[in-house]
Amino acid sequence: MIEVKHLYKSFEDKDVLIDINTVFEDGKTNLIIGQSGSGKTVLMKNLVGLFDPTKGEILYDGRDFVGLSKHDKVMMRREMGMIFQSAALFDSLTVLENVMFPLDMFSTMTLRERTRRAQECLDRVNLKGADEKFPGEISGGMQKRVAIARAIALNPKYLFCDEPNSGLDPKTSLVIDELLHSITQEYNMTTIINTHDMNSVMGIGENIIFIYEGRKEWQGVSSQIMGSDNQKLTDFIFASDLLKNMRRMVIENGLHVMNENKNRIQ
Amino acid sequence: MLIHKWLTTFGRYLMLMGRTFSRPERLRMFLKQYVKEMAQLGVNSIGIVLLISFFIGAVICIQMKLNIQSPWMPRWVSGYTTREIMLLEFSSSIMCLILAGKVGSNIASEIGTMRVTQQIDALEIMGVNSASYLILPKIAGMVTIMPFLVIFSSAMGIVGAYGTAYVGHVLAPDDLTLGLQHDFKSWFVWMSIIKSLFFAFIISSVPAYFGYTVEGGSVNVGKASTDAVVTSSAIILCSDVFLTQLLS
């Protein structure tokens, strides 16, 4: 579990995050949503320690991350996995070597064990036969899967994903969403996903935080979005006429929205 | 203002070097990278070093013969001056200036691209000291391979000079041999190697700094690459003056 208490972040005179208070729960896909420039990525970078907060606390299972020494922060980062918007795979390494990299750096496994573990992770993300390819030789969706495999290689407790569906087609995005959701439950990780993909929000959002101009504007689950009366949230989620009309029909006619597993979203 | 900017940059460079020269997290990974960098930065530069040195050796020999040799000079003077120029300045300093262009731009653009594509952030998130992992093997590899490049360069320059004697018949091979052997001081070889070690450090660390600290996109990577080559070339030239004075 990750708790954020009174988090502020400023760059020179500009306040980017203002008094963020929230809890990201274990075994759930926690989503941070908001417009471009709202502060989502800055919040995530604060959470992983790439930025230092101006003020506030970040508690990882009760451990104050902000107050840790540089060395302790580095040690704690080994409990984290991160998937970047651009996948951030190492260009000079093959797919298999990319997944093996954290194992090579931090595990005491033998080469055979490391290779087997990397193969397991690649199998878990349904990526077979691409071991010897370089990142430049595979598609964007495959790169994201390799990034997920690399992120889970060391069984992290916390998984961070910065816009994992960016640049992917809707169908591949759903595959990536489902993969992240199932991995989160399987490993009982605290997963935090930055996104503005509405399919992700409605499909896997078990705890959603809406950031608006640096402030936490709303928090809830996907089933509460459709009926929310928060104008800023509905303006953001139902931005197109199609979605606005769909929402109006759902509310006016008392309809229910189901996902593909026949589970009720609204 | 300019001095303030230079001092700030220098301070940041020192801080980066402080992070770079820390104990590698995994010796196995460091050695793997070290060998790779020696091959990529050093061994892959042997061709250009030999090519340039051959022709410069030949040209120096011809110029000396045409412009210095006179009835008042001994006939071995062309060989002697060719050897001294190759050994004292060309193979150590000028060759390093050339390598600052080839290797420096390579290092700055490689690390800069890793920075803008978040590969360095990925290393940091994993808990890896990215400066040490990326930069230390490059510096160590370059410092290791540079003395060999200097020796190859000097030898190839002399081969080039012999080419003018045997193929071009610019001067008699015996006169050239006499000049090459005349008043040979082995310290000059060591001096050349010592200078090259300093330059190897500059060639690898300065572009690494420019690449590591790049912000923005591909345009900034290109600019960082250019800045890296210009700055490392200027530092090599300045330090050459001090090193030559110190070691002579």
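Predicted model: local features only at pLDDT ≥ 70, side-chain atom pairs only at ≥ 80, totals over all residues.
**Entry 1: chain A against chain B.** I started with the chain contact: 15 residues of chain A touch 13 residues of chain B, where contact means C-beta atoms, placed from the backbone, within 7 Å. Residues run from 1 along each chain as its sequence is written, and chains are lettered from A and ligands numbered from 1 in the order in which they are written.

On the chain A side, I found that helix H2 (70-77), strand S6 (80-83) and helix H3 (95-106) each give at least two residues. Helices (H or I, at least four residues) and strands (E, at least two) are DSSP runs, numbered from the N terminus. I sorted that side by class and got 11 nonpolar, one polar and three charged residues. Here Ala, Val, Leu, Ile, Met, Phe, Trp, Tyr, Cys and Pro are nonpolar, Asp, Glu, Lys and Arg are charged, and the others, Gly among them, are polar.

**Entry 2: the sheet in chain A.** I traced an open, mixed sheet of six strands in the order S6-S7-S8-S3-S9-S10. Its edges are S6 and S10 (215-220) of chain A, each pairing on one side only. The twist from one strand to the next averages 20 degrees. I then looked at S6(A) and S7 (158-162) of chain A, which run parallel over four bridges; pairing takes at least two DSSP bridges. For Gly81(A), the bridge partner in S7(A) is Leu159(A).

**Entry 3: domains of chain A.** The assignment, which is automatic or from a database, gives domain 1 (1-79 + 161-266) and domain 2 (90-155). I got 26 Å between their centres over C-alpha atoms. Their contact takes 10 residues from domain 1 and nine from domain 2. The domain 1 side holds seven nonpolar, two polar and one charged residues.

**Entry 4: H4 and H7 in chain B.** I checked H4 (77-116) against H7 (173-181) of chain B: the axes come within 6 Å and cross at roughly 45 degrees. Axes are lines fitted to C-alpha atoms, for helices over the stretch in contact, with angles from 0 to 180 degrees between N-to-C directions. Among the residues in contact I noted Tyr80(B) and Arg83(B) of H4(B), and Asp175(B) and Leu176(B) of H7(B). By class, this contact has five nonpolar, four polar and two charged residues.

Methods
Contact = placed C-beta atoms within 7 Å.
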